[in-house]
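This report looks at charged side chains that pair up. Keep the structure open as you read.

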Amino acid sequence: MRKLFGTDGIRGVANVEPMTSETMVRVGRAAAHVFKERREGRHRIVIGKDTRLSGYMLENALASGICSMGVDILLVGPLPTPGIAFITSSMRADAGVVISASHNPYQDNGIKFFDRDGFKLPDEVEAEIEAHVFNGQLDHVRPTAEEVGKAFRVDDAVGRYVVYLKGTFPSQLTLEGIRIVVDCANGAAYRVAPAVFEELGAEVIPIGVQPDGTNINAGCGSLHPECVADEVRARGAHLGIALDGDADRVIVVDEHGNEVDGDHIMAICARDLAERGRLKGGAVVATVMSNLGLERSLAQAGLDLVRTQVGDRYVVERMRRDGYNFGGEQSGHLIFLDHATTGDGVLAALQLLGVVVGTGRPLSELARVMEAVPQVLKNVRVREKRPVDELPAARRAIEAAKEELGRDGRVLVRYSGTEPKLRVMVEGDDEDRIHALADEICEAVHREIGQEEAA
């Protein structure tokens, strides 16, 4: 049973275990040791972050731990998570570390690692780092004098990433004449995203670009697409783009302010890639959370949907293993593997804009390619993550829901990898009924292991 790493790195309330300076020093030392063991020579690890106040504290702690093991650090400052993956691979660093809690509120923070090739670390390497955090085997490893690591600041990281992103947009197209609202969630993309779209010719209306350390994801960004939707309607924009705090996911709204989620974006882009002969494997890789409507839409185009467990890292692992080049999550993590190693909100928006501009069709029309099956998602805050099979009332409610829906619906119950919550998804054609079934499951769980929401 792991103590630190969840489904997407380490995460928690900043300055509370495990997200403390003391633990981050140990994590830095452990990670530096693991990456040093892989090859000879001088070693470097990239450190980047989003705009949270606690980023300063954790950045310095990680840097101290890494340098104390004789490994140099490259500091890039606030930059989207996929940008740090790009800088890591392009600068031939040994690894990259992102300090971010993604879409969580500013009080939380987290870290996740990228390998030297820009892909997230496999479970076994995370387990190795975690083991060294607690086993004390590195306590005696103390390089001295010139063997101590140095710190370097990469001043042009934003510029490098902007150039790279623009290079993924079709070279024969421009965004001239396109008016776009871009909501950066007061997060890591607040400088990058507006620059990319403007330099490609778009008229950009930026919102969520004034981070103060405490307003990341606060009533804005991909968790609150109503903000960008209101602005699109008010300004007569062609579409709106809402990123989350570390800009690895994107939600889009059409010219009427209607939300276009990750499943719809996958349906649109998969068909475009297939028509141009660029979709490898004749399939899209998505998670069990993706809507049944996506599966039906792809089937109409002669394409398959390959499902994985929840987490963009598992989508990427399946893509790499079986040779697919496009996949993602309903939440807006979209992976265009021919361009990137991880989910990238800005890059995904650029690929979608390529379809909009290339076809000359408005986004609202393109989005009709998929009709979503009604789906409800509910969370129950829990005091412990006991296996659901050991919760008799919850198990009975789940089995009853599955039996009632049959093959025309789905029930998925799982624990969050980053929060003390159990997530319940029910899908089916009768919207009132799926809400009722989800409520019955949530109430059963709450009676057995529920915890009241913090005030």
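## What counts as a salt bridge

A salt bridge is a side-chain nitrogen of Lys or Arg within 4 Å of a carboxyl oxygen of Asp or Glu. The model here is predicted. By this rule, it has 31 salt bridges.

## A pair within one helix

Start with E231 and R235. Their closest N and O atoms are 3.1 Å apart, so the pair meets the cut-off of 4 Å. Both residues sit in helix α7, which covers residues 225–235. They are 4 residues apart, so about one helical turn separates them.

How accessible are the two partners? E231 has a relative accessible area of 22% and is partly exposed. R235 is partly exposed too, at 41%.

D72 and R42 form another salt bridge, with 2.9 Å between the closest N and O atoms. This pair links distant parts of the chain, 30 residues apart. D72 belongs to strand β3 (residues 72–78). R42 lies in the loop between α1 (21–36) and β2 (44–49).

Is D72 buried or exposed? D72 is buried. Its relative accessible area is 6%, and buried means under 20%. R42 is partly exposed, with 42% relative accessibility.

## A buried pair and a network

R249 and D244 also meet through their side chains, at 3.6 Å from N to O. Both residues are buried.

Some salt bridges share partners. In this way D8, R11, K112, K120, D246, D248 and D312 are joined into one network.

Methods: Residues numbered from 1 in each chain as written. Predicted model: local features only at pLDDT ≥ 70, side-chain atom pairs only at ≥ 80, totals over all residues. Heavy atoms only, no water. Helix = DSSP H or I, 4+ residues; strand = E, 2+ residues; numbered from the N terminus. Buried < 20%, exposed > 50% of the residue type's maximum accessible area, 1.4 Å probe, protein only.
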